[in-house]
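Hi,

Here is the model I promised to send over. Have a look first, and then read my notes below.

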Amino acid sequence: MAAADGVHDLGGMEDFGPVIVEPTEPVFHAGWEGRVFAIGGILSVQGLTSTNDVRHAIERMDPAHYLGSPYFEHWLTAFATLLVERGVLTRAQLEARSGGPFPLSRPSRAPRWKGAVSRRARFTAGDRVRVVEAYWRGHTRCPRYVRGKRGVVDRCDGAFALPDADVDGAHPPLEPTYSVHFDAAELRGRDAEPGTAVSVGLWDSYLEPA
């Protein structure tokens, strides 16, 4: 079966209705959300998870569960999934404490990352680039809406851990990153608001010369 993006794509998806903005939104809507936030801090300090581990576990949630659950339930599902996968907890223990079924994310189908990275920046400000048109079976921070699109490098932002390689327990390599400027018309065609643009942070692996 061909690889495809899921509902979690960080660029968002259309036709799910308006984004509801609460003018006086509290930090947490319920007490359990604060506890989940604290659990995340503990797991990070103990070295049991990384930001990209958690993101990939969220991406592996069943789509219906992902769309039908609040933000901090995504976190809770990811934490529980990672702890079970790493042998810290068992599913039976989770279900005993919750008093019933405890949904976990699906197993990762991503192959172990073995790619090479660009150690030196291939692009400089003003270079025209194109985002590679690819679909990842694992984790990535390349938004779907910019793939295959052309833009101009605004600036070089230094080297950071490549997210695609930071989900299997290995030490992820550092790779140059850039802020890339896209005209809205390139991204949205006739639906674009005239004169608008978007800048997106992208890793070197996601780009090629235009």
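Some ground rules before the details. Residues are numbered from 1 along each chain as its sequence is written. This is a predicted model, so to speak with limits: local features need pLDDT of at least 70, side-chain atom pairs count only at pLDDT 80 or more, totals for chains, interfaces and linings use all residues, and side-chain values use heavy atoms, with hydrogens and water left out.

**Overall**

The chain has six helices and five strands, taken as DSSP runs numbered from the N terminus (helices are H or I with at least four residues, strands are E with at least two). Along the sequence the pattern reads α-α-α-α-α-β-β-β-α-β-β. The C-alpha trace spans about 55 × 40 × 35 Å along its principal axes. Of the 210 residues, 33% are buried, where buried means under 20% relative accessible area, exposed over 50% and partly exposed in between, with a 1.4 Å probe and protein chains only. Taking contacts (heavy atoms within 4.5 Å) between residues at least 6 apart in sequence, 67% join residues at least 24 apart.

**The sheet**

The five strands form an open sheet in the order S4-S3-S2-S1-S5, with antiparallel pairing; two strands count as paired if DSSP finds at least two bridges between them. S4 (197-203) and S5 (207-209) are the edge strands, each with a single partner, so one side of each has no neighbour in the sheet. On average, neighbouring strands are turned by 40° against each other, direction ignored; the axes behind that angle are lines fitted to C-alpha atoms, for helices over the stretch in contact, and angles run from 0 to 180 degrees between N-to-C directions.

If you want to walk across it:

- S3 (residues 174-183) pairs with S4 over seven bridges, and Asp 183 stands opposite Ala 197 in S4.
- S2 and S3 share eight bridges, with Phe 160 partnered by Glu 175 in S3.
- S1 (residues 128-131) and S2 (residues 150-161) are joined by three bridges; Arg 130 has Arg 150 in S2 as its bridge partner.

**The cores**

The largest nonpolar core has 18 residues, and Val 131, Val 146, Val 180, Phe 182, Leu 202 and Leu 207 touch the most other members. Such a core is a set of buried Ala, Val, Leu, Ile, Met, Phe, Trp, Tyr and Cys residues joined through side-chain atoms within 4.5 Å. S1, S3 and S4 each supply at least two of its residues. A second, separate core of 13 residues includes Leu 43, Val 54, Tyr 66 and Leu 83.

Have a click on Val 129 too, in strand S1. Val 129 is buried, at 1% relative accessible area. Leaving aside neighbours within four places in sequence, its contacts include Phe 123, Val 153, Val 180 and Leu 207.

**The helix pair**

How do H2 (residues 51-59) and H4 (residues 71-85) cross? Their axes come within 8 Å at roughly 105°, and H2 and H4 are therefore roughly perpendicular (65 to 115 degrees; under 35 is roughly parallel, over 145 roughly antiparallel, the rest oblique). Asp 53, Val 54, Ala 57 and Ile 58 of H2 meet His 74, Trp 75, Ala 78, Phe 79 and Leu 82 of H4. That makes seven nonpolar residues, one polar and one charged, counting Ala, Val, Leu, Ile, Met, Phe, Trp, Tyr, Cys and Pro as nonpolar, Asp, Glu, Lys and Arg as charged, and the others, Gly among them, as polar.

Cheers
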